[in-house]
Amino acid sequence: MKKIICLVAAILLLATMTSCANQPDTDIINSSSVVVGFSQLGAESSWRIANTESMEKAAKEAGFGLMMENANQKQEKQIDAIRSFIAYQVDVIVFSPIVESGWDNILNEASNAGIPVILMDRMISNSDDNLYTTYVGADFYAEGRRAGEYLIRKADTMNKETFNIFEICGTVDSTPMRERQQGFMDAIGDDPRFNVVDSICGDFLRSMGGECAELLLEKYGENMIDVIYSHNDSMTLGVLDVLEQRGIRPGKDIVLITVDGEKEAVDALKAGKINCVVQCTPDLGPAVMELVRKLKAGEQVSKITHPEEGIFCDFDDLSNPAVEGF
Ligand code: GYE
């Protein structure tokens, strides 16, 4: 019976929800007995697009129906989507919270409806751990630390006493922004060679990364910039475009450290234009669907699952086929 209700609900939902033409958010409903409501936060980066594909593929392979809504970077749209999933009694809600705060009410509604919630990729501020069932995503603090540890190692090989560092941040109040910043700062913290001069927000977008680079060059001049640490590849690629347009050699005149590991960034690392790529896997779909399976089977799940990640950098043998982007 529940299966029929879900299917009818899903069809109604498809008919009533507006989806964005420029998103890869094909809503997939199949005749599965398990329906997952998935609120994706947007399509701001290659990472996000790969993550959406991973979810779609894994749901299909698991034989689960996936009702997906893409929120186009708007928290209100995520809240609306989750509310619809509750109304239609999906089996499990999965969502990637664009920011950490502001979810208490909607998650209480899910909890009251008895629907388990899997946080995928990003966290919420942990006022109440009971508001979600489990989290699967990267350890962003460890990523930030890896970025800082790489810089220490790089600086040791350079004949320079001080390094002016500029940070280009992801979306303010998002988990990767906060923790990639904190981990990096903690890693370089005690080293007197490092001076973090400025930190500006590029919202994880390539276009904004370019604008940030222009702003920094205008404000400080290229000679003052030794290092740019950017919270994702999309912004870094925007920076790279601007530097090259101005005849500045990225990876040589300025050390570039980035996070994600998309193909274009790893290729730029191989070409000597980026110095370090901290990996962050978007392929979270299989782990999410395994958690859905366990929850439906009434099995225990751990509160947190982190994938294993490392870095690629200019100290590595970059001809190794394992050095590859997504
Ligand atoms: O690094 C960035 C994306 O939350 C891990 O969001 C994700 C981040 C990823 O837009 O490219």
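Visitor: Is Ala187 buried or exposed?
Guide: The general idea is a cut-off: buried means under 20% relative accessible area, exposed over 50%, and partly exposed in between, with a 1.4 Å probe and protein chains only. Ala187 has a relative accessible area of 13%, so Ala187 is buried. Ala187 is found in helix 6.

Visitor: How should I take the numbering and the values?
Guide: Residues are numbered from 1 along each chain as its sequence is written. This is a predicted model, where local features need pLDDT of at least 70, side-chain atom pairs count only at pLDDT 80 or more, totals for chains, interfaces and linings use all residues, and side-chain values use heavy atoms, with hydrogens and water left out.

Visitor: And where is Glu61?
Guide: Glu61 sits in helix 2; helices (H or I, at least four residues) and strands (E, at least two) are DSSP runs, numbered from the N terminus. With 61% relative accessibility, Glu61 counts as exposed. Glu61 and Met289 are 228 residues apart in sequence, yet their C-alpha atoms are 9.1 Å apart in space.

Visitor: What about Ser230, buried or exposed?
Guide: Ser230 counts as buried, at 1% relative accessibility. Ser230 belongs to strand 8, residues 227-230. Between the C-alpha atoms of Ser230 and Ile200 there are 9.7 Å, while along the chain they are 30 residues apart.

Visitor: How do I read a helix, say helix 8? What length does helix 8 reach?
Guide: In general, an α-helix has 3.6 residues a turn, so residues three or four places apart point the same way. For the length, the expected span is 1.5 Å times one less than the number of residues. Helix 8 (residues 233-245) has 13 residues and reaches 18 Å from its first C-alpha to its last, close to the 18 Å expected at 1.5 Å a residue.

Visitor: How many residues of helix 8 are buried?
Guide: Helix 8 is mostly covered, with 10 of its 13 residues buried. Among them are Asp233, Met235, Leu237, Leu240 and Leu243. Just after helix 8 comes Gly247, with a positive phi of about 75°.

Visitor: Which residues other than glycine have a positive phi?
Guide: Most residues other than glycine have a negative phi. Here, Gln73 has a positive phi, near 70°. Gln73 lies in the loop between strand 2 (65-70) and helix 3 (75-87), and is partly exposed, with a relative accessible area of 26%. Phe204 also has a positive phi, near 65°. Phe204 lies in the loop between strand 7 (194-201) and helix 7 (206-220), but Phe204 is buried, with a relative accessible area of 4%.

Visitor: Where does the largest cavity lie?
Guide: Domain 1 (25-137 + 282-305) and domain 2 (140-280) both give residues to its lining, so the largest cavity lies between them. Those domain bounds come from an automatic or database domain assignment. Helix 2 (46-62) and helix 6 (175-188) each supply at least two residues of that lining.

Visitor: Last one: how many disulfides are there?
Guide: A disulfide is a pair of cysteine sulfur atoms within 2.5 Å. The search of the whole structure finds zero. The sulfur of Cys212 is 7.0 Å from the closest cysteine sulfur, in Cys201, too far for a bond. Cys276 is in no disulfide either, with the nearest cysteine sulfur, that of Cys313, 5.4 Å away. Cys276 is buried, at a relative accessible area of 0%.
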